[in-house]
Structure formats: structure tokens, C-alpha cells
Amino acid sequence: MIPLSKQKPAALSPEPKHAPEPETGEKKKPVPTIQGGVRMVSGMVWFSSLADVKAYIQGLLDMYRFENEKATEFVAAMYRALAEQGSHAKNANSWTKVGSILVNSDDPDRGKMEAALQLLTDMKPLVARTEEALTNFTRLEDISARPDSAFVLCLRYGLPERLIVEENARTEKFSLTDEYVTV
Amino acid sequence: MPVPKSYEPTAVSRAVVEVVVALEKVEGVRLSDKADADAKSEYKLAVSMSEKKRVPGELTLNFTLDLTCQPQIAKLTIVGTVRLGGQEEEVAELITPGEERTPPKVVELIYERTYGLLYVLAGGLKVPLPKPNLLKKRNMSA
């Protein structure tokens, strides 16, 4: 894994975009920030073979594992940075609810860490359930599907939930044989 | 209205159609000692394409381009694959033949991207250079 300080700025910026600190006393050490993350999508994806479905789920799992690892490293780096600064919680509850959104302007570093911990909590079951789907994939392969069947994988919040088997649905394979002239 | 095959989440599809051409074989043959780079000639292009792999948001095709100089003084061959990435409709648009004598867009794109190589190859063989711009289907009835 790439150390936090060496990751791409777009994904992980070591310099937080805070207002400049006043030039008094000891300089505050930079605290990393995390950007991006996984878009947990819902939708249906069409495949012409079960092998392709499996490869797609494997791709999802790899992405979730990577994001999970990234979030874990971020939280660890936040802990280290806050410990080095000797920062203490200013307030047990520094969040204010504005409509449906919680706002924290009192302690942004701790606020970010709390949010990242929540993301991590969300990510773990996502990894576990996608792993489970992949582990049990051999049972899906036992489904007696005709050779011309197509498969529609239904994703709900990033999780593969349903598989629809459509018989006589596979499209013709593309082929072209033709002659042209250069002009 | 046809029933759509699926409803793909936006995150799995790309914002721009991606076309990646990878070559596997390039061959140039000078068929006649009398071949002259300045000779008046035209090139006939035989295209053969077949589906190699299709996954959501991506279609990979094998292709062979056979350029034969008329009269037959040279033959240039390019074999490779082209990967088309994008939404299903966008990929379908690339492989659909155009109106009248226009080839599918994917053929034009492959020719466009390999033209530089064909030009150098023909120049090295001292045979007439293939024309770069348009690629029109031969009108057999003409």
C-alpha cells in the first residue's frame, strides 16, 4: 500500500484546505484529508455469461477492499496526527443538525475522523457480503441455464442481490466482412 | 419501443467513448519489381472483424485489414484488436454501418489510427501510398 503522504493529491491530500493559521505559537501539523470513495450504486447490469458476472463481482470486491484499506489507513493517520498535536476533543458533541445534515464547525479534524470511522463501518459489511456472494458463486454455476441465456445482475447500494436468467436473450456476436476503397 | 436489456448504473459507464487499438501483426509485401511509388494506383481494403469479448460497457473486436494495391503491386496487412468502451448505445453506434457507402465508424477509427503506420510501410517498400482521408465502400453495381 502506498503511504498516505505519497498518494495522489486528488485522492488524498496531505494539506488540508483550512483557513491559514495565524502566525502565533507552534505551527499545526497537517492532518490528511480523504476524498472520493465508492459510489454505492443501484441498478441492473446485463451479461452474456456467468463467467462475466463472476468477474464483475470480483471487480466490485477488489474495489471495496481497496477503499476499505484506504479508509483504514486514513483513520490511522488521523489518530496519529491528532495524537502528535496533543489535540483533545473540544466538545463531546460538536455537531449541529441543520435540516437533515449534521454540521461540525467546532472541531473539523475530529469531525472528519468521526465521519471516516462511519464510512469504515459501512464499508466492512459491503466487503463481507460481496465476498460471500463470490464464495457462493459456485452454487450459482449449478443453475441449469440454456447456452443462449443472458444474465441480469441486480445491484442494491453496491451489493449484488439478485440474478435474473433470461433464456434466448443472448445477442448475436458481431462480425463484419466487407471491402472498401481508400479515396 | 424495444425493451432495454438492463438499466446500468451511471458509475459503471464512462463519460466518453473509449477506443483502444492494439496491433498484433503488421506485414507489408512488395509484389512486383516494377512497383513504383509514383505509379497511379488505388488501394482496395478488405476488412474482417469478429467479436472477441463483450462485457458491460466494453466490446473487444479482432480485426484484420488487408490493403491491396490495384494493380497488384503491394499488399499491406494489419491484424489486431480494438476495445470499445462506453454505454451500450454508444458502442452499438460505432459498429453500425453508416448510410449508403459509409463504413461503420469503428472501421474508420481503426484506419485513422493505423494510417501513419501504413504510410511508413508503403514508403519503405517504395510502393504507392494509400490515401488517408475517407474510406468508402466499393459500389459493386457501379
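Two strands count as paired when DSSP finds at least two bridges between them, and this definition is applied here to a predicted model.

**Exercise 1.** Determine which strand of chain B pairs with strand S8 of chain A, and in which sense.

*Solution.* Begin with S8 of chain A, which covers residues 175-182, and look for its partner, which is strand S2 of chain B, residues 42-55. Next, count the bridges: there are 7, and the two strands run antiparallel. Finally, pick out a pair of facing residues, such as Ser175(A), which stands opposite Ser50(B) in S2(B).

**Exercise 2.** Follow S2(B) to strand S3 of chain B, and describe how the two are joined.

**Exercise 3.** Identify the residues with the most contacts inside the largest nonpolar core, and state which element supplies its largest share.

*Solution.* This core has 26 residues, and the most contacts inside it belong to Val47(B), Phe63(B), Leu65(B) and Ile110(B). S2, S3, strand S4 (74-85) and helix H2 (105-125) of chain B each supply at least two of its residues, while the largest share, 7 residues, comes from H2(B). Turning to Val47(B), its contacts beyond four places in sequence include Leu176(A), Asp178(A) and Tyr180(A) from chain A, as well as Phe63(B), Leu65(B) and Val107(B) from chain B. A second, separate core has 21 residues, among them Trp46(A), Phe74(A), Met113(A) and Leu126(A).

Key: Residues are numbered from 1 along each chain as its sequence is written. Chains are lettered from A and ligands numbered from 1 in the order in which they are written. This is a predicted model: local features need pLDDT of at least 70, side-chain atom pairs count only at pLDDT 80 or more; totals for chains, interfaces and linings use all residues. Helices (H or I, at least four residues) and strands (E, at least two) are DSSP runs, numbered from the N terminus. A nonpolar core is a set of buried Ala, Val, Leu, Ile, Met, Phe, Trp, Tyr and Cys residues joined through C-beta atoms within 7 Å. A residue is buried if 20 or more other C-beta atoms lie within 10 Å of its own, exposed if 12 or fewer, and partly exposed in between; C-beta atoms are placed from the backbone. Two residues are in contact if their C-beta atoms, placed from the backbone, lie within 7 Å.
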